[in-house]
Amino acid sequence: MFTPEMLESIRKVEATRPARMGMEPRRMTAEEKDALLRAYHPDYRTDGFAEIQIGPNKGQKAPTELRNLLHSNSRLLGQDIDLQKIDYDVDVLVIGGGGAGAAAAIEAHEAGSNVMMVTKLRIGDANTMMAEGGIQAADKPGDSPVQHYLDAFGGGHFAARPELLKRLVMEAPDAIQWLNRLGVMFDKDTEGNMITTHGGGTSRKRMHACKDYSGAEIMRTLRDEVLNRKIPVVEFTSAVELIKDDRGQVAGAVLLNMETGDYLVARAKTVILATGGAGRLHYQGFPTSNHYGATADGLILGYRAGVPLLYQDTIQYHPTGVAYPAQIYGALVTEKVRSLGAMLVNVDGEAFMHPLETRDVAAASIIRECTGRHKGVTTPLGSGVWLDTPMMEEIGGPGTIEARIPAMLRMYLNYDIDMRKEPILVYPTLHYQNGGLEINGDGFTKTIDNLLVAGEAVGGIHGRNRLMGNSLLDIIVFGRNAGKAAAAKAKAVDLGTMNLDHIEAYARELDEAGITEPGVSPLLLPRYARHER
Amino acid sequence: MEKLVNVYFYGKRYEVPADLTIMTAMEYAGYTLTRGCGCRHGFCGACATIYRIKGKNELKTCLACQTQVQEGMYVASIPFFPTDKRTYNIEDLRPNQQVMMELYPEIYSCIGCNACTKACTQNLNVMQYIAYAQRGELEQCAEESFDCVGCGCCSVRCPAEISHPMVGLLARRLTGKYIAPEAKHLTERVEEIHAGQYDDLIEQIMQKPIAEMQELYNHRDIEK
């Protein structure tokens, strides 16, 4: 279903393919990468950001859409919520139903805690479910956690918090083993060796995968384990505010039944925010690869309660989102496509970059090709470049695509595009929130000692850019650690009198900062419904 | 002027642009989705949908996020289906035929109608993976069911009341845990780390100044 212009360009891609098969494009130097990012990465577009005027990060910038949610009041402001009527009373409250939340709940349960999960959609409706490419761990001879550290630290522009990154890489093999023992079906050869590939910016082949359903396979296994353990999961119920006590601790959350509109009170000795990312805020108008509920709710709840953000101004645009057809615009095309040999090629059939640069560099390079050099392919919604998928079949042999990336093949076949025979059109899509709430090595926030954060809502693990396969890893490593730490901490917590004073204090701060028409947050769900009036 | 088509959500007609998916068409019509919408990219199974084109007899199943609207489409979403998941402790199970007989005995009531396969939104051979499960061929069941997103359309259509996605899930967990051979390099690396073999090295790299890290990073060798 390609346009005539696209078909003409495909012929050029096919013409250059034999010559490209044997060559490896040069990797950019550090200086070239810096210059490229400054000129073309969306993080450097000043008009996409605004200054935060209140709270711990006052004076710093954030994406405008996030800043506006931070400059908003609680939906509970002025509401009379009876905190004495307690609907749920637990040791550990996990907010969020993705991979980090599920891993935390399993470990808290394993530690003997009375743990409960709440999630505004269903357990498993999360970015974890949609992660395709894989999960990193340095578990092969010739690789080491130290090498993994170097790759991630450099890929993240030397900004990762060392104590967090250390945990990520040192506990990675253990995370894979834990998942494997739960029954996750990793791609293995007949001897049991993990089949591993490169990701952008890796120096060793340490990407473990479950075809291109890596996150789905992990998530459905974790969900099954949560259900087998009979851990209560309250679905279609969002946390709209943290409850604090008169000792400065967190004491639970006010919940909202998404279907009835009723408020509920959950009291907890420790709370884990595992609310995920923010793709559905569509920063700078980008489409997103994220799930429906990715609206940064946990960042808002945490910030309003006084927890600082870290690197909230750095966003990951996945270089290869779907540019065409319109029905799947912005959907993720896994990096594994490039790991398995597909090149990025412009309208004239030229390979304009090494396919395995880090994500920020690759995204900026594609944007440059389309907007700076005008070598993109025009699409109904903008432009894109080719990802030369037939190369995968030539390199790996016929059947490679069906065996290794069946989800991608299926997604395109729905629209009569056979990526085994024709290349596909891609453009960067809003993919990941590099920043988030700041935690210490054990997962606790630095301002409230019984509040923990895990998963994409955390800032600082990856620095200012994240490598492929390190997010599935971080949700497991930091999710498990948060669950264990929260269970242990809960034994020592003595809660005082619960209150919501902080939301009134926040309203006063907004007022004093001259923010006269604040909105209401967290957003909970994006506003996609079209209303004519 | 963009092309419009008539679609019917729960029997009510709406005129929507022809290039939308069922999901985005519902939003175009003014629906704010809470149920029946998850990842929006075909991985989570939240948006199981059943439809029939006006004038045609055939009843079709699909994912609303992955299916384009058509003229005369009568659409009903199935945001929840009471799939019957059995609970178990995976540590107590063993990968044999017995486990399926005990946990999901209804699979032996399959009448071979193939309605599950026909209903599969992922085009999986569902009846075949149930047959593998019946025979205790868990690895084949796991492979054949691997791309399942758990939308439940198969179970909706099954006259034998089988919860197919749950059967596949059990087979996959048993395969991943017990049948697939152990990754020895993984076991060894975990032991090395627990024995403290990397403790000094990681502390050293954590202490290095940024300039030295940049040098190391920019000149590291990359495995071919």
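Let's start with contacts in chain A. Take those between residues at least 6 apart in sequence: 76% of them join residues at least 24 apart. Contact here means that the C-beta atoms, placed from the backbone, lie within 7 Å.

Some ground rules. This is a predicted model: local features need pLDDT of at least 70, side-chain atom pairs count only at pLDDT 80 or more, and totals for chains, interfaces and linings use all residues. Residues are numbered from 1 along each chain as its sequence is written, while chains are lettered from A and ligands numbered from 1 in the order in which they are written.

Back to chain A. Along the principal axes, the C-alpha trace of chain A spans about 70 × 55 × 45 Å. Of the 533 residues in chain A, 62% are buried. Buried means 20 or more other C-beta atoms within 10 Å of a residue's own; exposed means 12 or fewer; partly exposed is in between, with C-beta atoms placed from the backbone. Chain A has 17 helices and 22 strands. These are DSSP runs, numbered from the N terminus: helices are H or I with at least four residues, strands are E with at least two.

Most residues other than glycine have a negative phi, and most peptide bonds are trans. Which residues of chain A go against that? Ala296(A) has a positive phi of about 65 degrees. Its place is in the loop between β11 and α10 of chain A. Asp416(A) also has a positive phi, about 60 degrees, and sits in the loop between α15 and β17 of chain A. Buried or exposed? Ala296(A) is buried, with 29 other C-beta atoms within 10 Å. Asp416(A) is exposed, with 9.

Then the cis bonds. Tyr324(A) to Pro325(A) is cis, omega near 5 degrees. Pro325(A) is in the loop between β13 and α11 of chain A. Ser521(A) to Pro522(A) is cis, with omega near 5 degrees. Pro522(A) lies in the segment after β22 of chain A.

On to chain B. The domain assignment, automatic or from a database, gives domain 1 (4-77), domain 2 (90-179) and domain 3 (184-213). The C-alpha centres of domains 1 and 3 of chain B lie 52 Å apart.

Chain B has an open sheet of five strands, order β2-β1-β5-β3-β4, with mixed pairing. Its edge strands are β2 (12-17) and β4 (59-63) of chain B. Two strands pair if DSSP finds at least two bridges between them. β3(B) pairs with β5(B) in the antiparallel sense over five bridges. There, Ile53(B) has Met73(B) as its bridge partner. β3(B) and β4(B) are antiparallel too, over five bridges, with Ile50(B) opposite Thr61(B). In that hairpin, Gly55(B) takes a positive phi near 90 degrees.

Last, the interface. The contact takes 61 residues from chain B and 67 residues from chain A. On the chain B side, α7(B) gives the most, with seven residues.

Notes. Two residues are in contact if their C-beta atoms, placed from the backbone, lie within 7 Å.
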